[in-house]
Amino acid sequence: MTSLADRGRRSVTGIAQQSTALVGRAAASATDALAVPGARALATARTFTSPIQAQSAPVPVDGVEAANRLLRQLGITTFTPTVGLSTDLTFPVAVGGAVAGPYTPGIGNLTIANVSVNAVRGGEILYGFLPVGVFADFGDKSGVHVAWLNVTTLRGGLGAPLGGLTDTVIDAVSKRVKSAPIPPVMYAGTVSRLKRALRVIPSNGVRGGLVDTGQGVVVCAVYGTVRRGRTSYFFLPSIGVTRA
(Lines give C-alpha, C1' and ligand atoms only; values in the text may rest on other atoms or scores of the structure.)
Protein backbone atom coordinates (compact mmCIF):
# COMPACT_ATOMS: atom_id res chain seq x y z
CA MET A 1 0.00 0.00 0.00
CA THR A 2 1.46 3.33 -1.04
CA SER A 3 2.08 5.74 1.84
CA LEU A 4 1.14 9.40 1.78
CA ALA A 5 4.84 10.31 1.97
CA ASP A 6 5.61 8.17 -1.12
CA ARG A 7 2.82 9.84 -3.08
CA GLY A 8 4.09 13.25 -1.99
CA ARG A 9 7.65 12.47 -3.12
CA ARG A 10 6.44 11.25 -6.52
CA SER A 11 4.28 14.36 -6.90
CA VAL A 12 7.22 16.67 -6.15
CA THR A 13 9.46 14.69 -8.51
CA GLY A 14 6.86 14.94 -11.29
CA ILE A 15 6.48 18.69 -10.84
CA ALA A 16 10.25 19.16 -10.93
CA GLN A 17 10.51 17.14 -14.15
CA GLN A 18 7.71 19.17 -15.76
CA SER A 19 9.36 22.42 -14.70
CA THR A 20 12.69 21.29 -16.15
CA ALA A 21 11.01 20.43 -19.45
CA LEU A 22 9.24 23.79 -19.59
CA VAL A 23 12.47 25.67 -18.88
CA GLY A 24 14.24 23.67 -21.60
CA ARG A 25 11.53 24.44 -24.16
CA ALA A 26 11.53 28.12 -23.21
CA ALA A 27 15.31 28.32 -23.60
CA ALA A 28 15.14 26.63 -27.00
CA SER A 29 12.36 29.01 -28.11
CA ALA A 30 14.39 32.00 -27.00
CA THR A 31 17.41 30.75 -28.97
CA ASP A 32 15.27 30.26 -32.09
CA ALA A 33 13.69 33.70 -31.68
CA LEU A 34 17.06 35.41 -31.69
CA ALA A 35 17.66 33.98 -35.13
CA VAL A 36 14.59 35.79 -36.52
CA PRO A 37 15.43 39.11 -38.24
CA GLY A 38 14.62 41.98 -35.95
CA ALA A 39 14.40 39.86 -32.81
CA ARG A 40 17.57 41.38 -31.40
CA ALA A 41 16.01 44.81 -31.80
CA LEU A 42 12.95 43.56 -29.93
CA ALA A 43 15.16 42.29 -27.13
CA THR A 44 16.80 45.71 -26.99
CA ALA A 45 13.42 47.46 -26.91
CA ARG A 46 12.35 45.33 -23.96
CA THR A 47 15.38 46.42 -21.97
CA PHE A 48 14.36 50.09 -22.04
CA THR A 49 14.10 51.43 -18.53
CA SER A 50 10.64 52.79 -17.75
CA PRO A 51 10.45 55.89 -15.54
CA ILE A 52 7.30 54.45 -13.96
CA GLN A 53 7.36 51.21 -12.02
CA ALA A 54 3.78 50.34 -11.05
CA GLN A 55 3.69 47.47 -8.59
CA SER A 56 -0.01 47.48 -7.70
CA ALA A 57 -3.34 48.83 -8.88
CA PRO A 58 -3.48 52.55 -8.06
CA VAL A 59 -6.29 54.16 -6.12
CA PRO A 60 -8.12 57.32 -7.25
CA VAL A 61 -6.03 60.45 -6.85
CA ASP A 62 -6.99 62.55 -3.84
CA GLY A 63 -5.72 66.12 -3.91
CA VAL A 64 -4.48 68.63 -6.47
CA GLU A 65 -0.81 68.09 -5.56
CA ALA A 66 -1.17 64.33 -6.06
CA ALA A 67 -2.84 64.96 -9.43
CA ASN A 68 -0.01 67.28 -10.47
CA ARG A 69 2.58 64.74 -9.36
CA LEU A 70 0.96 61.88 -11.30
CA LEU A 71 0.65 63.85 -14.55
CA ARG A 72 4.25 65.05 -14.27
CA GLN A 73 5.36 61.47 -13.61
CA LEU A 74 3.83 60.61 -16.98
CA GLY A 75 5.75 63.49 -18.57
CA ILE A 76 2.62 65.67 -18.89
CA THR A 77 3.11 69.34 -18.04
CA THR A 78 0.25 70.43 -15.80
CA PHE A 79 -2.04 73.42 -16.35
CA THR A 80 -3.93 75.52 -13.83
CA PRO A 81 -6.33 73.52 -11.60
CA THR A 82 -10.04 73.87 -12.28
CA VAL A 83 -13.30 73.28 -10.40
CA GLY A 84 -16.39 71.26 -11.29
CA LEU A 85 -19.86 72.77 -11.00
CA SER A 86 -22.98 70.69 -10.30
CA THR A 87 -26.30 70.71 -8.44
CA ASP A 88 -25.24 68.38 -5.59
CA LEU A 89 -23.46 71.23 -3.77
CA THR A 90 -20.00 69.70 -4.13
CA PHE A 91 -17.20 71.26 -6.14
CA PRO A 92 -14.47 68.75 -7.01
CA VAL A 93 -11.26 69.94 -8.63
CA ALA A 94 -9.36 68.63 -11.64
CA VAL A 95 -6.03 69.23 -13.35
CA GLY A 96 -5.37 69.35 -17.08
CA GLY A 97 -2.05 69.10 -18.85
CA ALA A 98 -0.26 68.41 -22.11
CA VAL A 99 2.89 66.92 -23.61
CA ALA A 100 4.24 67.49 -27.12
CA GLY A 101 5.81 64.83 -29.30
CA PRO A 102 7.78 62.86 -30.01
CA TYR A 103 6.94 61.24 -26.68
CA THR A 104 5.19 58.25 -25.09
CA PRO A 105 3.86 58.65 -21.50
CA GLY A 106 5.30 56.03 -19.19
CA ILE A 107 8.28 55.32 -21.44
CA GLY A 108 9.67 58.51 -22.95
CA ASN A 109 11.10 58.34 -26.47
CA LEU A 110 9.88 55.00 -27.85
CA THR A 111 12.04 53.84 -30.75
CA ILE A 112 12.29 50.31 -32.17
CA ALA A 113 14.90 49.37 -34.75
CA ASN A 114 15.66 53.08 -35.23
CA VAL A 115 11.98 53.75 -36.01
CA SER A 116 10.00 56.17 -33.81
CA VAL A 117 6.69 54.65 -32.71
CA ASN A 118 5.81 57.26 -30.10
CA ALA A 119 2.20 57.79 -29.10
CA VAL A 120 2.69 61.51 -29.68
CA ARG A 121 4.41 62.45 -32.94
CA GLY A 122 6.18 65.69 -33.74
CA GLY A 123 3.63 68.45 -34.32
CA GLU A 124 1.09 66.71 -32.07
CA ILE A 125 0.06 67.32 -28.46
CA LEU A 126 -1.36 64.76 -26.04
CA TYR A 127 -3.79 66.31 -23.59
CA GLY A 128 -4.56 64.82 -20.20
CA PHE A 129 -7.33 65.60 -17.72
CA LEU A 130 -7.36 64.19 -14.19
CA PRO A 131 -10.38 64.78 -11.91
CA VAL A 132 -9.61 64.44 -8.21
CA GLY A 133 -11.68 61.79 -6.44
CA VAL A 134 -13.85 58.89 -7.63
CA PHE A 135 -15.51 59.37 -11.01
CA ALA A 136 -16.90 56.96 -13.59
CA ASP A 137 -14.31 55.36 -15.86
CA PHE A 138 -16.81 53.51 -18.04
CA GLY A 139 -19.51 54.34 -20.55
CA ASP A 140 -19.35 57.52 -22.63
CA LYS A 141 -16.01 59.29 -22.19
CA SER A 142 -16.59 62.08 -24.70
CA GLY A 143 -17.67 64.73 -22.19
CA VAL A 144 -14.22 66.34 -21.83
CA HIS A 145 -12.91 68.52 -24.67
CA VAL A 146 -9.95 70.70 -25.55
CA ALA A 147 -9.82 74.07 -27.26
CA TRP A 148 -6.48 75.20 -28.66
CA LEU A 149 -4.84 77.96 -30.65
CA ASN A 150 -1.41 77.75 -32.24
CA VAL A 151 -0.30 81.37 -31.94
CA THR A 152 2.64 80.70 -34.27
CA THR A 153 0.52 79.54 -37.21
CA LEU A 154 -2.87 80.94 -36.07
CA ARG A 155 -4.41 77.48 -36.49
CA GLY A 156 -6.88 76.41 -33.85
CA GLY A 157 -9.60 74.01 -32.86
CA LEU A 158 -12.59 73.94 -30.55
CA GLY A 159 -14.27 70.98 -28.91
CA ALA A 160 -11.95 68.06 -29.77
CA PRO A 161 -13.15 65.23 -27.48
CA LEU A 162 -10.89 63.33 -25.09
CA GLY A 163 -11.23 59.60 -24.44
CA GLY A 164 -9.61 57.38 -21.83
CA LEU A 165 -5.95 58.31 -21.36
CA THR A 166 -4.66 54.73 -21.23
CA ASP A 167 -6.63 53.66 -24.30
CA THR A 168 -5.52 56.77 -26.20
CA VAL A 169 -1.82 56.08 -25.60
CA ILE A 170 -1.97 52.34 -26.28
CA ASP A 171 -4.08 52.74 -29.44
CA ALA A 172 -1.71 55.39 -30.78
CA VAL A 173 1.42 53.28 -30.21
CA SER A 174 -0.25 50.19 -31.69
CA LYS A 175 -1.16 52.18 -34.79
CA ARG A 176 2.38 53.55 -35.18
CA VAL A 177 4.00 50.13 -34.78
CA LYS A 178 1.66 48.33 -37.18
CA SER A 179 2.20 50.95 -39.87
CA ALA A 180 6.01 50.98 -39.44
CA PRO A 181 8.44 48.72 -41.34
CA ILE A 182 8.84 46.50 -38.29
CA PRO A 183 8.29 42.69 -38.14
CA PRO A 184 5.01 41.80 -36.34
CA VAL A 185 6.96 39.76 -33.79
CA MET A 186 8.35 43.00 -32.41
CA TYR A 187 5.28 44.99 -31.45
CA ALA A 188 3.50 42.56 -29.10
CA GLY A 189 6.19 42.91 -26.44
CA THR A 190 6.32 46.68 -26.88
CA VAL A 191 2.58 47.12 -26.34
CA SER A 192 2.64 44.73 -23.39
CA ARG A 193 5.40 46.73 -21.71
CA LEU A 194 3.53 49.97 -22.36
CA LYS A 195 0.41 48.60 -20.66
CA ARG A 196 2.46 47.73 -17.59
CA ALA A 197 3.97 51.23 -17.49
CA LEU A 198 0.51 52.84 -17.67
CA ARG A 199 -0.93 50.88 -14.74
CA VAL A 200 -0.03 53.86 -12.58
CA ILE A 201 -3.02 55.71 -14.09
CA PRO A 202 -5.98 55.46 -11.68
CA SER A 203 -9.42 54.31 -12.82
CA ASN A 204 -11.33 57.44 -11.93
CA GLY A 205 -12.27 59.14 -15.15
CA VAL A 206 -8.81 60.17 -16.37
CA ARG A 207 -9.12 61.49 -19.92
CA GLY A 208 -6.66 61.90 -22.77
CA GLY A 209 -6.63 62.91 -26.41
CA LEU A 210 -4.23 63.52 -29.30
CA VAL A 211 -4.47 66.71 -31.36
CA ASP A 212 -2.52 67.58 -34.50
CA THR A 213 -1.70 71.21 -33.67
CA GLY A 214 1.36 71.61 -35.88
CA GLN A 215 4.60 73.03 -34.57
CA GLY A 216 4.55 76.26 -32.60
CA VAL A 217 3.40 77.75 -29.31
CA VAL A 218 -0.08 76.44 -28.46
CA VAL A 219 -2.51 77.96 -25.95
CA CYS A 220 -4.78 75.22 -24.58
CA ALA A 221 -7.92 74.89 -22.49
CA VAL A 222 -9.26 71.52 -21.29
CA TYR A 223 -12.84 71.50 -20.00
CA GLY A 224 -16.05 69.48 -20.00
CA THR A 225 -18.31 67.05 -18.19
CA VAL A 226 -17.43 64.06 -16.01
CA ARG A 227 -19.94 61.88 -14.17
CA ARG A 228 -19.97 60.71 -10.55
CA GLY A 229 -22.87 58.39 -9.90
CA ARG A 230 -25.97 60.06 -11.33
CA THR A 231 -24.48 63.54 -11.07
CA SER A 232 -22.66 65.31 -13.91
CA TYR A 233 -19.98 67.88 -13.16
CA PHE A 234 -19.02 70.54 -15.66
CA PHE A 235 -15.40 71.47 -15.15
CA LEU A 236 -14.33 74.98 -16.05
CA PRO A 237 -11.29 75.27 -18.35
CA SER A 238 -7.86 74.19 -17.13
CA ILE A 239 -5.57 76.52 -19.10
CA GLY A 240 -1.94 76.24 -20.13
CA VAL A 241 0.64 76.87 -22.85
CA THR A 242 2.63 74.16 -24.66
CA ARG A 243 5.29 74.31 -27.36
CA ALA A 244 4.73 71.63 -30.02
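This report covers an aromatic cluster, a helix and a surface patch in a predicted model.

## Aromatic cluster

The whole structure holds three aromatic pairs. Phe135 and Tyr233 form one that is edge-to-face, with centres 5.6 Å apart and 80° between the planes. The pair links distant parts of the chain. Phe135 lies in the loop between E5 and strand E6 (144-150), Tyr233 in strand E11, and 98 residues separate them. Tyr233 counts as buried because its relative accessibility is 1%, under the 20% cut-off. Phe135 is also buried, at 4% relative accessible area.

Phe135 pairs with Phe235 too: the ring centres are 6.1 Å apart and the planes meet at 65°, so this pair is edge-to-face. Phe235 sits in strand E11, 100 residues from Phe135. Both Phe135 and Phe235 are buried. Ring pairs join Phe129, Phe135, Tyr233 and Phe235 into a cluster.

## Helix H4

Helix H4 spans residues 165-179.

The buried residues of H4 are Leu165, Thr168, Val169, Ile170, Ala172, Val173, Ser174, Arg176 and Val177. Their cover includes strand E5 (124-131), strand E8 (163-164), helix H5 (187-197) and strand E9 (207-212).

## Nonpolar surface patch

Leu149, Val151, Val219, Ile239 and Val241 make a nonpolar surface patch of about 390 Å². Val241 belongs to strand E11 (residues 231-243). Val241 is exposed because its relative accessible area is 55%, over the 50% cut-off.

Notes. Residues are numbered from 1 along each chain as its sequence is written. This is a predicted model: local features need pLDDT of at least 70, side-chain atom pairs count only at pLDDT 80 or more; totals for chains, interfaces and linings use all residues. Side-chain values use heavy atoms; hydrogens and water are left out. Patches are made of residues with over 30% relative accessible area and no salt bridge: like charges are joined within 9 Å, nonpolar side chains (Val, Leu, Ile, Met, Phe, Trp, Tyr) within 5 Å. Accessible areas come from the Shrake-Rupley method with a 1.4 Å probe; for residues, only the protein chains shown count as cover. A salt bridge is a side-chain nitrogen of Lys or Arg within 4 Å of a carboxyl oxygen of Asp or Glu. Helices (H or I, at least four residues) and strands (E, at least two) are DSSP runs, numbered from the N terminus. Buried means under 20% relative accessible area, exposed over 50%, partly exposed in between (1.4 Å probe, protein chains only). The expected span of a helix is 1.5 Å times one less than its number of residues. Contact means heavy atoms within 4.5 Å. Rings of Phe, Tyr and Trp (its six-membered ring) pair if their centres lie within 6.5 Å; planes under 30 degrees apart count as stacked, over 60 as edge-to-face and the rest as tilted.
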